[in-house]
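Me: I would like to learn how to read a protein model step by step. Could you take me through it slowly, giving the general idea before each case?

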Amino acid sequence: MSARLSVVDEMFLRTHRGWGTPIVMQGLWRTDGEVTASTLDALSADFARGPLGRRVVRPRIPGARPRFEPSTDAFPVEDAEIQAGAVLAWADEQGSLSVDPERGPAWRLACARPAGGGTVLSLVCSHVIADARGLAAAIAAALRGLPPSDQGGAEGAVADMWDATRLARRVTEGTVRAVTGLVVSGARRAELRRFLHVSGNASPGTLCHSPVSAVLDVDAERWDAAAEQAGGTPNSLFLAVVAELARRDGESRPLTISVPMDLRGAATSSGTANSVAMVEVDVGPQDTVADVRAASRAAFSAPAMTSPAGFPEEMLQLVPDRVAHALTGRPGERDVLCSNIGPLPEALVSIGGHRATGIATRAVHPGVVTSRTRLSAYLSRFGGSYTLALESLDSPDHAALRERAANVLARHRLDARSW
């Protein structure tokens, strides 16, 4: 059977359709040698047969969820010659190119050859079909030469009818419980009022700009040592650095950081593309790395952001996009987004016999973006380095963002190498 979209999958599908901030995932590799065209073609074919090779199909029966079906469609692998210092500008261009999770292809592989040698690869995919860890896993599977994944075939009207029936039952039963809770619980009523107030009012801090980006590598041992010396963890140092970077001069209020929490290993569908939930961490201007660690621990032990007052989140899958967007507003949008992707698979160490000298993973928002989130940050570890990828709506240009990031890292006694 093919996999049905989860609530989170459909949230990203709505952004693709224009309801919210568009999001695509991007993986970037730098190698010390020139990857051949035949290697790239073989890699593209493996991607098409693997977890990325799918598209969203609308159900035949109203009330059923959309589903993923296999699709081997692929864009040709584009090859470009670029200047040595133009890697990130080229990567930003790749992130702005169209991918379509419904009509396909939902992903795109491209290659750049900087003057002076080496290769840079970009793999972009719609967030609908993979989150950051899903993208990394798909790349690793292709590089390992694993057999094509079994993503199921087409389903008929009977399967759609069963899915619509089960979904309607879950939503009906959950709604009855939630309404009963509203009757007996003042706290539930207050929670719903707060949700409706926030959803109905745009944030006064909403920004509308073309994003600017930066990617920096930091020695992993030094990062870990700095975190330990400050009484924190590598992740709490990440949040503290990014909050400091995002804070405007003279700003005294705490910044709210939205942090994706990986749900893999929990009871999630094997076909679900996005296995994440969101938690919030508030970071004040005087907070130390140890303070951020304590706040993070409390946030991850608390319930994740979800639908209010006990109402079933699946009800969003039964209403039109316009209504679902009005109910959810901009889920997960806070002052800052910090996504710790974690260690990347060892299979990424080489491509076509050439050693990887740098790997970055990030989400990209094509075009002009309207968002409350002034800075998005993505941290991954590979080999002996952490790679910090930044996207800002609050920085005048790429150079200013790189300089500010380097200065903040230096205050934590960390040296950074910019891409």
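Reply: Let us begin with exposure, where a residue is called buried when its relative accessible area is under 20%, exposed when it is over 50%, and partly exposed in between. Please keep in mind that this is a predicted model. By that cut-off R103 counts as exposed, because its relative accessibility is 68%, whereas D100 is buried, with a relative accessible area of 10%.

Me: Which residue does R103 form a salt bridge with?

Reply: A salt bridge needs a side-chain nitrogen of Lys or Arg within 4 Å of a carboxyl oxygen of Asp or Glu. R103 forms one with D100, and the closest N and O atoms of this pair are 3.1 Å apart.

Me: How many salt bridges does the structure hold, and where in the chain do E102 and R17 lie?

Reply: There are 23 salt bridges in the structure. One of them joins the side chains of E102 and R17, at 2.6 Å from N to O. This pair links distant parts of the chain, since E102 sits in the loop between α3 and β5 while R17 sits in the loop between α1 and β1, 85 residues apart. E102 is buried, with a relative accessible area of 14%, but R17 counts as partly exposed, at 28% relative accessibility.

Another salt bridge is formed by the side chains of R248 and D394, at 2.8 Å from N to O. This pair also links distant parts of the chain, with R248 in the loop between α8 and β9 and D394 in the loop between β16 and α11, 146 residues apart. Salt bridges can also share partners, and in this way E251, R253, D335, R372 and R374 are joined into one network.

Me: How should I read a helix, and which residues of α3 are buried?

Reply: For a helix, we ask which residues are buried and where they lie around the axis. In helix α3, residues 87-95, the buried residues are V87, L88, W90, A91, Q94 and G95. They lie on the same side of α3, because they cover an arc of only 155 degrees around the axis. What covers these residues includes the strands β1, β4, β5, β6, β8 and β13.

Me: How many residues of helix α1 are buried, and what do they pack against?

Reply: Helix α1, residues 7-16, is mostly covered, as 7 of its 10 residues are buried. Among them are V7, F12 and L13, along with D9, E10 and R14. The buried residues of α1 pack against β2, β3 and α10. After α1 comes G18, whose phi is positive, near 105 degrees.

Me: What should I look for in cysteines, and how many disulfides are found?

Reply: A disulfide is a pair of cysteine sulfur atoms within 2.5 Å, and a search of the whole structure finds 0 of them. Among the residues of the protein, C111 is buried, with a relative accessible area of 1%, and C125 is also buried, with a relative accessible area of 0%.

Notes. Residues are numbered from 1 along each chain as its sequence is written. This is a predicted model: local features need pLDDT of at least 70, side-chain atom pairs count only at pLDDT 80 or more; totals for chains, interfaces and linings use all residues. Side-chain values use heavy atoms; hydrogens and water are left out. Buried means under 20% relative accessible area, exposed over 50%, partly exposed in between (1.4 Å probe, protein chains only). Helices (H or I, at least four residues) and strands (E, at least two) are DSSP runs, numbered from the N terminus. The arc is that of the directions from the helix axis to the C-beta atoms. Contact means heavy atoms within 4.5 Å.
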